[in-house]
Amino acid sequence: MQKEIIVLLGGPGTGKSTLINELVARGFCCYPEISRQVTMKAQQEGIEQLFLEQPLLFSQMLLEGRIEQYKNALEEPDNVVFIDRGIPDVVAYMDYIGDEYPESFVKACEDYKYSKTFILPPWEEIYQSDSERYENFDQAVKIQEHLVETYKKYGYELIEVPKDTVENRILYILDKI
């Protein structure tokens with residue numbers, strides 16, 4: 001069987017991390033979202049919202065971390081690896097805020113390709129803000145639009161995961177792989 005590196009994507013609060021946690025509980029190899037780690041590290045250093053204060057630095061750190069996740073996934077003994085957010089997310093967020101970024105961001109999107117991409121739609125009933133998620137629901141919807149546009153630009157076929165129970169969403173994903 002060929003290595004499957006599968007990304008779960010979607011705007012903030014769509015349930016990606018919940019699904020990743022459930023996949024881990026079922027014994028799948030999964031890599032968590034790293035933006036929270038980057039944000040919390042910056043907060044410990046006195047920068048409340050690194051993405052808002054230094055978006056290019058934040059995005060560069062995310063890009064490097066996601067490339068590392070991709071490379072590590074290739075080395076996993078498991079044939080299927082799930083990743084919470086992918087490399088093109090970095091470009092989508094930069095486009096969302098209207099900031100410029102170096103050509104290396106585009107090159108990374110072209111060089112590291114995922115096997116499948118599952119997108120979780122905005123879902124107001126489960127959306128929650130917290131100390132690392134500064135966006136409101138309307139902003140989350142706009143980010144979703146940028147994610148769809150960006151992933152399609154890089155040739156991905158997005159498989160939309162229906163709004164449903166965690167169990168049914170997991171079954172849907174597993175059925176598609």
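**A salt-bridge tour**

Start by selecting Arg 66 and Glu 33: their side chains meet in a salt bridge at 2.8 Å, N to O. (A salt bridge here is a side-chain nitrogen of Lys or Arg within 4 Å of a carboxyl oxygen of Asp or Glu.) Arg 66 sits in helix H4 (residues 55-75) and Glu 33 in the loop between S2 and helix H2 (35-44), so this pair ties together parts that are 33 residues apart in sequence. Helices (H or I, at least four residues) and strands (E, at least two) are DSSP runs, numbered from the N terminus.

Before moving on, know that you're looking at a predicted model, where local features need pLDDT of at least 70, side-chain atom pairs count only at pLDDT 80 or more, and totals for chains, interfaces and linings use all residues. Residues are numbered from 1 along each chain as its sequence is written, and side-chain values use heavy atoms, with hydrogens and water left out.

Back to our pair: Arg 66 and Glu 33 are both buried.

Next stop: Glu 167 and Arg 26, a salt bridge at 2.3 Å, N to O. Glu 167 is in helix H8 (residues 166-176) and Arg 26 in the loop between helix H1 (16-25) and strand S2 (29-31), so the pair links parts 141 residues apart in sequence. Glu 167 is partly exposed at 39%, and Arg 26 is partly exposed at 31%.

Last, pick Lys 116 and Glu 4, whose side chains form a salt bridge at 3.9 Å, N to O.

Terms used. Buried < 20%, exposed > 50% of the residue type's maximum accessible area, 1.4 Å probe, protein only.
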